[in-house]
Amino acid sequence: MKHIVNSPQARDLRSHLHPFTNLAAHAEVGPNIFLRGDGIHVYDDAGRGYIEGLAGLWCASLGFSEERLVDAALRQMKALPFYHNFAHKAVEPAIELADYLVGKVSPPMGKVFFTNSGSEANDTQVKLVRYYNNLRGRPEKKKIIARRGAYHGITLAAASLTGLQYSHNAFDVPLPGFLHVTCPHYYHYAKEGESEAEFVARLVAELEQLIESEGPETIGAFIAEPVMGAGGVFPPPPGYFEAIEPLLRKHDILFIADEVITGFYRTGRMLGSDTCGIRPDMISMAKALSGGYQPIGAVMITDEIHEVLVEGSRRYGLFGHGFTYSGHPVPAAVALETQRIYDADAIETHVGAISPHFQARLRSLGQHPLVGEARGVGLIGAIELVEDKAGRRNFDPGKKVGPWVAQAAMEHGLIVRALVNDTIAICPPLIVTDRQIDQLFDALGAALEDAQAAFGTNG
Ligand code: PLP
């Protein structure tokens with residue numbers, strides 16, 4: 001692809017190292033530059049509009065033109081554009097946001113620590129597990145169990161929690177002390193003839209065996225997304241978390257719920273933990289915390305864990321962890337306004353009202369010859385494309401059928417994301433309407449028809 005010298009495209013190719021992009025292909029493909037947003041739509045520099053079917057990166061819960069968030073940022077920028085929360089100082093938006101979250105979430109949480117991202121939230125969790133167990137005189141209780149297929153971010157610790165090959169390749173992660181168990185996706189990982197209940201029992205037994213073989217005294221925490229997101233959108237099979245929780249309690253293993261995607265009404269309730277019946281000890285948040293308008297993440301912990309951190313300060317003085325921008329006033333003000341909008345606009349009620357239609361349209365795609373499974377909950381879902389529907393066999397990854405469908409969807413005015421195993425993820429802004437859900441699935445259906453013509457053998 002040739003670009004005019006010094007065009008934004010040419011400068012992008014010259015200077016910009018893109019995150020999560022095929023760098024070898026980028027010079028050929030070039031950047032697709034976006035200029036503005038309106039409701040659930042975004043518009044590129046050629047003036048083309050798209051439904052943002054993934055809410056950007058699973059985060060723009062209130063769409064792309066919420067003036068109240070712009071005003072909140074501006075008000076805070078004018079009043080105090082930066083100040084920090086180190087050494088007993090504090091800014092009001094951080095205080096109010098922490099207080100709001102503690103009062104609002106249903107698992108009993110005592111304190112909130114702010115980060116700039118989901119990765120930093122999970123990195124902080126790993127450090128807290130270490131600190132907590134060192135303080136409690138159990139320095140060996142630090143290993144963390146995650147699941148294959150999980151996505152927890154990309155710092156060294158967060159990438160070690162992540163169970164996806166593309167985040168590990170050549171980065172020398174996972175670091176020692178990070179363990180992974182089977183992904184709870186029945187469709188793929190069930191054995192021949194195994195019922196869903198048997199599948200769950202096998203996974204719980206696997207976890208128990210791992211805890212026993214490593215030694216429960218060495219396992220500090222278990223981390224899980226209530227509904228796995230970037231790995232493929234996997235709602236938990238019935239009974240999975242119900243069986244895991246007592247096992248963790250029995251061995252005094254902390255449960256970290258990674259709510260970075262599932263937080264804030266995505267699955268219907270405020271937290272994915274509410275939807276999935278989980279009672280975590282620690283919660284990671286980001287993304288829809290601020291509707292994606294400002295970078296902010298959060299870690300919530302129980303009073304009991306906080307007490308141990310306080311004990312640490314009695315011993316060491318300073319709690320030696322914090323980012324320059326922990327509780328930055330502008331992202332905190334925007335996040336607080338986001339929460340107020342969720343309440344004022346009754347977003348939970350709205351999501352409850354429209355998700356049945358979203359799920360019905362999603363599941364009807366399951367009839368398509370290329371779709372092996374259509375799955376989801378609330379306003380998140382995915383379809384997995386397969387070559388052999390009866391045999392549950394994916395296409396050869398080299399054919400890149402998932403990315404092909406995502407590209408075809410763009411031709412039909414829809415942005416969706418292709419995940420591993422040719423899985424197409426759908427996660428629109430929460431403000432989406434019934435009519436827009438129809439437009440979204442009509443466009444995706446048209447892209448599937450294109451794919452059927454290009455790749456189908458049985459249609
Ligand atoms: N945890 C989950 C469940 C995520 O989906 C993500 C990002 O997609 C992260 C953590 C990392 O968040 P960030 O990209 O803000 O670092």
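Which residue just after α13 takes a positive phi? In this predicted model, the residue is Ala346, with a phi of about 50°.

**View 1. Helix α13 and the residue that follows.** Helix α13 covers residues 329-344, 16 residues in total. From first C-alpha to last, α13 reaches 22 Å, close to the 22 Å expected at 1.5 Å a residue. The helix is mostly covered, with 13 of its 16 residues buried. Ala346 lies in the loop between α13 and α14 (347-364). Its phi is positive, near 50°, in a residue other than glycine. Ala346 counts as partly exposed because its relative accessibility is 34%, between the 20% and 50% limits.

**View 2. Ala87 in the loop between α4 and α5.** Ala87 sits between α4 (67-79) and α5 (92-104). Although Ala87 is not a glycine, it has a positive phi of about 50°. With a relative accessible area of 59%, Ala87 is exposed, since the term applies over 50%.

**View 3. The cis peptide bond at Pro174.** The bond from Val173 to Pro174 is cis, and its omega is near 5°.

Key
Residues are numbered from 1 along each chain as its sequence is written. This is a predicted model: local features need pLDDT of at least 70, side-chain atom pairs count only at pLDDT 80 or more; totals for chains, interfaces and linings use all residues. Side-chain values use heavy atoms; hydrogens and water are left out. Helices (H or I, at least four residues) and strands (E, at least two) are DSSP runs, numbered from the N terminus. The expected span of a helix is 1.5 Å times one less than its number of residues. Buried means under 20% relative accessible area, exposed over 50%, partly exposed in between (1.4 Å probe, protein chains only).
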